[in-house]
Amino acid sequence: MRFVIHLLLMIAVALGIGFGLSWYALNDGRLFGGAQIGPWSAWPDVGSGQPNPYTRAHLARAASLQLGLSEGIQFAASADSAGEPLIRNCTYHLGGTTPLATFWTLYAVDSDGINIAAPDGQAAIRSDSLARANDGAITLNVGTRLMPGNWLELTGTGPFSLVLTLYDTTVFSGLNGSTNNMPSIEREDCA
């Protein structure tokens, strides 16, 4: 009887660890093919002809149209640079530079992947319509309350994620692509 209890306990522990690692690989994935740069995460081989098994599982779970390897890459952030979750009752300031890309977009989504931009505002910030600092750095604000400068107005309440899509970029290609210049996400004030 004691043997059976130990066996069942070992099976339960093994299943718990297995399911936990599977959940982690599909949701975070930094140890299994994903890349983390500050608050931004991406799946570098998502558009390759032979993605690793963890990337394939992530793609199946996301069920969204992905960019090809030569077309670009998508980064997502659900926390600010201090590691705090992004929530809509706070305002955020993004600053710095982005990796070299022909074009990029930034938009906000809820936990279901639905764009949460205000209906009468712009759905995304685009690199070609952004007012920049003299040194070329970006400075933009995200939140539900009016803010000066480049502003992505959000609607609703609750957590959200920012999605930065770089088009025609050399990031992760080994051709002088650099991710050291991802924008920071700084929490300003909260209501």
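Author: Let's settle one term before the pairs: a residue is called buried under 20% relative accessible area, exposed over 50%, and partly exposed in between, using a 1.4 Å probe and protein chains only. Keep in mind that this is a predicted model, so local features need pLDDT of at least 70 and side-chain atom pairs count only at pLDDT 80 or more, while totals for chains, interfaces and linings use all residues. Residues are numbered from 1 along each chain as its sequence is written, and side-chain values use heavy atoms, with hydrogens and water left out.

The chain has two helices and 10 strands, where helices (H or I, at least four residues) and strands (E, at least two) are DSSP runs numbered from the N terminus. Going along the sequence, they come in the order α-β-β-α-β-β-β-β-β-β-β-β. Of the chain's 191 residues, 37% count as buried.

On to the pairs. A salt bridge here is a side-chain nitrogen of Lys or Arg within 4 Å of a carboxyl oxygen of Asp or Glu, and the structure holds three of them.

Start with Asp 80 and Arg 187, whose side chains meet at 3.8 Å, N to O.

Arg 145 forms a salt bridge with Asp 189, with 3.4 Å between the closest N and O atoms. Here the arginine lies in the loop between β7 (138-143) and β8 (150-153) and Asp 189 in strand β10, so the pair links parts 44 residues apart in sequence. Arg 145 is partly exposed at 26% relative accessibility, and Asp 189 also counts as partly exposed, at 42%.

That leaves Arg 126 and Asp 128, whose side chains form a salt bridge at 3.0 Å, N to O. Arg 126 is partly exposed, with 36% relative accessibility, while Asp 128 reaches 54% and counts as exposed.

For the wider setting, take contacts, meaning heavy atoms within 4.5 Å. Among those between residues at least 6 apart in sequence, 68% join residues at least 24 apart.
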